[in-house]
Amino acid sequence: VVSRSRSFGKADRIDLVLNAPSGTAMKMGHSMENLHRVGSMGVPDSYHGLLGDNGTFVNLATRNLLSIQAVHPSISPRNSCFRIITDSDVVYCSCGSQAELQKWVSSLSDCQRPNKNHLHYLDRQLSIWILEARNLSPKKKYFCEIHLNGTLYAQTCCKLMNDMLFWGEAFSFIELPLLGTVTIKLYKENSTKRRKDKQQHATDLGKIEIPALLLEEAGVVEKWQALSVYHSAKNNSAVSKDNPPSIRYKCQYQTVSVLPLKAYDDFVKYLKNNYAVVCNVLEPVVCAKSKDEIAQTLVKILQVVGNAKEFLCDIIMAEVQLIENENLVFRGNTFATKAVDTYMKMVGEEYLRETLSGIIINLLDAEDCEVDPMKLSPGANLQNNQAVLRQQVEMAWVNILGSFTRFPSDLRRTFHGIRQRFGQDREEICFKLISGSIFLRFFCPAILSPSLFQLCQEYPDDKTARKLTLVAKVIQNLANFTRFGVKEDYLFFMNDFLAKEVKNMKQFIDRISSPQQTDSHVVEWGPCNIDLGREASIMHTVLVTQLQAVQGQLSKSDVEKLNPLTTLLEQITKAEEEGQEDPFSSTFEALRAMQSTISQFKPHGGGGSQGGPQSQSDSSSEYNTPAQSASASPERRTSPDPMPNSSSVSSGLGALASSSQDS
C-alpha cells in the first residue's frame, strides 16, 4: 500500500506500508533463518512470532528506506525472497512466486527513488565466478559464501574434494551500493556423526578478501589466491600445514555512470530508426565479444521503445539473404545470433524455467543412460541404458510439446513476423529457421548446461553432463528434422522416435509462430525490468570504444553514415563530464562504505567458536549484532540476521536520508 502524507518540514513524503493479506504466500521476518524454518508449505504455530501473522504490517513510514534487494536463490528458501534494509533494521520477505518477487522489488525501488529518471547516478554491478580450490583434504565436502561489504549475498553448492574440487558457479549482483570489499569464505561440511546441533553443520576455515577498488581498476580479474586461514582452523584436518588452501575465482566489477534519461532521448531515437545502419557498418569490423555487448544492449533498448520485434525480423532476414545455406543461420558469431540469444533469454526466462526445471531434476536423478558401447562402464546393461535414455527423451519432448500455450507472447509475435516475411512458398525453410533458433539457441543449450540458464545451481559432474548431452543430441536432431547416421551410430535406435515425432515438431513450430487464438488459454509472463538509462549509458560507452578501435578500418562512406551517431555520442560524453552525480547516492553510499570499514575494527563480543583470522580485518557482517558475532559457524544455507552494529552511523544515515527527502 503506497500513500502520500504531509508532515512537519516534509513536502509530499512517501509513506510505505507492506501488508501481507490473510491467505497470501508472503511471509516476513528479520532473519533468513526464520524463512528457512518456515519453508514453502505452511507456518507452524511456534514460528508465528518470528515471522508475524498473515496480514502483519511492516510500516516503513517511520523508517528511512535505504535499499531493496532480491535475495539470491542459493540462500533463499523458495527462490523468491527480498530484503528491505532500513536505517534501523532489515526485514526479509518471502513471496509466492518469482513474478511476485519482481513486482515487489520493482515497485518498492520506484517508491524509494521516484525521481530516478531525472538524476545522474552511478549503477554498480558485480559478476563473480567461484571456479575451483586446491590444497584441501580429499574426501571431504566444501562450499563457499560470497559476502559484499560483510553481508551474505550468495553461496556455492557443497562439492566433494577428490583429485580436484571444481564448482564453476557464476553469480551476478546488480544495483549494488558502493563496494568496499568482496569476501569469499570457505567452509568444510562436518560429518553427520560429529554434529552436536545445526549450528555445527559446517566449519569456517578462512576467507579471501578482494578490495573492490582493485577490481574496478583492473576490469576483469581471474587468479588463484591463498586463503587467510582462521586461527581455530589451523589444526583442522582439512587444512594443509605446508600449503594453505587456495581458491581460483574470476571477478568483474562494473560502475556505470547514468545521466538523467532526457540526456539519452536523441540517442535512443537514433538507435530506434537506424539500428540497421549501425549493425551493417560494424558487423564486418568488430570482434565477437563486442558484437555480443552491442547486440545485448541494443535488444534491451529496442524492447523498451517497442521495436525489438522489427529489429529481430530485419536482422534475421538480412543474415538469411547473405548466407547461401539456410542451415548455417544462428551458427556464427553475428549480430543476429547474439541478438536472438539475448532476446529469448530476456523474454523467455520464466517460461524456460517452468518448462524444463522438472526435466532437469529428473535427469540429474536418473539412472545411467550411456549408450555408446565404447563408453559403457563395466557391468552396465546396454539395453537398459537405451530404455532409460528413450524414457528421458520422451519426457523432455512431452513437456516441450505441451508448453505451446505458455509460449511467451513477444517471441510468438516475433516468429510470426518472420513467417510473414518468408511467405507460404518458403514455409519449410522458415520452419527450419524457427526450430533452429528456439532449439539450437534456447532449449538444447539449457538442457546441455542448465546452470548457465539458472535451471540448477550446481555445475554437473561428468556423468550427469553425459546424460544431459545425450538427451540434447536427440532433441536437437528432431528440431533439425534429421536422423542419426554413421557418425553417431550408437543412437540409431532413436531414429524411429525421430521419424514418428516429425509431425508433432512441425505442429509445435506452427503453433508458436501463429497468432494466439482468442478462445485459447493464454499464460502471460511478467514484463522485462529494463533500466533504459543504464542500457543507454552502456551502449554509449561500448560504441565510443568500438568506433575508436575500428576507425582505420571504416570506409569513407561508412564514416559518413555514422556521422549523426558520432555527434550524439560526443554530446553524451560532454554531458557526463559536466554532469554531477546524485549527491544522495554518493554521500549516502560513502557513509555505508565507511560503516563497513569501521565495523572491521570494532571488537566482537565472544569472538565466535571459530576465532578470528590472523589479521585484524575480520568482519562478520555489515549489520551484525553482538549475539550473532558470537555465534558458532553458520548452518549451511542460512545467513546472519543483519542488524545495525553502530547506532551513531545508523542515526547519521537516517538524518542524511531525511535531509535528502526534504531537498
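## Confidence

pLDDT is the predictor's confidence in each residue, from 0 to 100. A contact means heavy atoms within 4.5 Å. Residues 195-199 also stay under 50, with ten contacts beyond four places in sequence. Where pLDDT is low, the predicted coordinates should not be read in detail. The protein chain averages a pLDDT of 77, and 72% of the residues score at least 70.

This is a predicted model: local features need pLDDT of at least 70, side-chain atom pairs count only at pLDDT 80 or more, and totals for chains, interfaces and linings use all residues. Residues are numbered from 1 along each chain as its sequence is written, and side-chain values use heavy atoms, with hydrogens and water left out.

## Helix α16

Helix α16 covers residues 563-578. Helices (H or I, at least four residues) and strands (E, at least two) are DSSP runs, numbered from the N terminus. At 1.5 Å a residue, its 16 residues should span 22 Å, and the end C-alpha atoms lie 23 Å apart, which agrees. The expected span is 1.5 Å times one less than the number of residues.

L565, L568, L569 and I572 are the buried residues of α16. They cover an arc of only 100° around the axis, so they sit on the same side of α16. The arc is that of the directions from the helix axis to the C-beta atoms. An α-helix has 3.6 residues a turn, so residues three or four places apart point the same way. Buried means under 20% relative accessible area, exposed over 50%, partly exposed in between (1.4 Å probe, protein chains only). The buried residues of α16 pack against α5 (265-282) and α14 (532-549). Exposed E570, E577 and E578 are on the face turned away from that buried side.

## The loop at S80

S80 belongs to the loop between β5 (65-70) and β6 (81-86). S80 is buried, at 2% relative accessible area. Leaving aside neighbours within four places in sequence, S80 contacts C93, S94, C95, G96, S97, Q98 and L101.

## Cysteines

The structure holds zero disulfides (a disulfide is a pair of cysteine sulfur atoms within 2.5 Å). C95 is in none; the nearest cysteine sulfur, that of C93, is 6.8 Å away. C95 is buried, with a relative accessible area of 0%. C313 is in no disulfide either, and the nearest cysteine sulfur, from C430, is 9.7 Å away. C313 is buried, at 2% relative accessible area.
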